[in-house]
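Subject: Structure handover

Hello,

Please look through it before reading on.

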Amino acid sequence: PAVFGVRTMAASEVVEGVAVVLLAGGVGSRMKADRPKQFLELDGKPVLRHSLELFLRLKGINSITVVIAEEFRDVLADAAKADPRVQFADPGKERQDSVFSGFCKIPEDSTLVCVHDAARPLVTEAEVYNVIKDANEHGAAVLAVPMKATVKESEDGQFVKRTIDRSTLWEIHTPQVMRPDLLKKGFAKVAAEKLEVTDDVSIIEQLPAPVKITVGEYTNIKLTTPEDMPMASSILAARK
């Protein structure tokens, strides 16, 4: 169930020509597993398949570029063979390099670029449709939820400097969606000024250009550490 009553998108509101860039090139060392986290099994299939299958079901998607190392592509060979929209791109050194690699593969007539982390397999169709709708209206949008935790700042990692007011803080999720022309301009600025960005809409913020916050759900967790896997399994079980 939606925490904030995430709205459902009507068929007439579907945005056509959305190009998905699905990031699956991470190593995921904090998971302490024998393979990257996007290939661990969740509810009977690899984590990566959950996101891929969701985007394949959605209306308005013109391509799904999976940014993944060549040695792991056999995991999705059947999907790529069954649907011509599925294609691959090589991961880069940093996240922004991987996004750029995927971005270079999208169709030229794409209306929006939808970047999603494969390590977030629990995003819902409603969340994706809503962030796409907001990006279509405002140029760029990001899924997020209000920060629940108390956040403190420390300069030395040993003592608290101050407590930050969380009323203005948002925990950022994916998908992050933007117009291709904005992303292209953002990448050019990031490269020219040698900027480091931690997420995709940060590239848009550098222009600067507005980024709409689309309220998502707390269940859209990112699988990072071993304890996240049973939590993800229980969320999926509750949805059945």
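A residue counts as buried under 20% relative accessible area and as exposed over 50%, with partly exposed in between. Please also keep in mind that this is a predicted model.

Overall shape

The protein chain has seven helices and 11 strands. A compact globule of 240 residues would have a radius of gyration near 18 Å, and the chain agrees with this because its own value is 18 Å. The C-alpha trace spans about 55 × 40 × 40 Å along its principal axes. Of the 240 residues, 47% are buried. Taking contacts between residues at least 6 apart in sequence, 70% join residues at least 24 apart.

The accessible surface is about 12200 Å², and carbon and sulfur atoms account for 52% of that. There are 31 positive and 35 negative side chains, and the centres of these two sets lie 2 Å apart.

Aromatic pairs and helix H3

Three aromatic pairs turn up in a search of the whole structure. In one of them, Phe-100 and Phe-187 have ring centres 5.0 Å apart and planes at 75°, so the pair is edge-to-face. Phe-100 belongs to helix H3 (residues 95-103) and Phe-187 to helix H5 (residues 180-192), so the pair ties together parts that are 87 residues apart in sequence.

Phe-103 is itself one of the buried residues of H3, along with Gln-96, Ser-98, Val-99, Ser-101 and Gly-102. What do the buried residues of H3 pack against? Their partners are strands E1, E4 (61-67), E5 (86-89) and E6 (112-117), together with helices H5 and H6 (200-205).

Helix H1 (residues 47-57) has eight of its 11 residues buried, so it is largely enclosed by the rest of the structure. Those buried residues include Arg-49 and His-50 as well as Val-47, Leu-48 and Phe-55.

Gln-38 sits in the loop between strand E1 (18-23) and strand E2 (41-42). Is this residue buried or exposed? With 3% relative accessibility, Gln-38 counts as buried. Its C-alpha is 8.4 Å from that of Leu-223, although Gln-38 and Leu-223 are 185 residues apart in sequence.

Backbone points to check

Two cis peptide bonds are worth a look. One joins Thr-174 and Pro-175, with omega of about 10°, and Pro-175 is in strand E10 (residues 170-178). Another joins Leu-207 and Pro-208, with omega of about -5°; Pro-208 is in the loop between H6 and strand E11 (212-215).

Positive phi angles come up as well. Asp-43 has a phi of about 55° although it is not a glycine. Asp-43 lies in the loop between E2 and strand E3 (45-46) and is partly exposed, at 42% relative accessibility. Lys-194, also not a glycine, has a positive phi of about 50°. Lys-194 is in the loop between H5 and H6 and is exposed, with a relative accessible area of 73%.

Regards

Terms used: Residues are numbered from 1 along each chain as its sequence is written. This is a predicted model: local features need pLDDT of at least 70, side-chain atom pairs count only at pLDDT 80 or more; totals for chains, interfaces and linings use all residues. Side-chain values use heavy atoms; hydrogens and water are left out. Helices (H or I, at least four residues) and strands (E, at least two) are DSSP runs, numbered from the N terminus. The radius of gyration is taken over C-alpha atoms; the globule rule is 2.2 Å times the number of residues to the power 0.38. Buried means under 20% relative accessible area, exposed over 50%, partly exposed in between (1.4 Å probe, protein chains only). Contact means heavy atoms within 4.5 Å. Accessible areas come from the Shrake-Rupley method with a 1.4 Å probe; for residues, only the protein chains shown count as cover. Lys and Arg count as positive and Asp and Glu as negative; His and the chain ends are not counted. The place of a charge is taken as NZ of Lys, CZ of Arg, CG of Asp or CD of Glu. Rings of Phe, Tyr and Trp (its six-membered ring) pair if their centres lie within 6.5 Å; planes under 30 degrees apart count as stacked, over 60 as edge-to-face and the rest as tilted.
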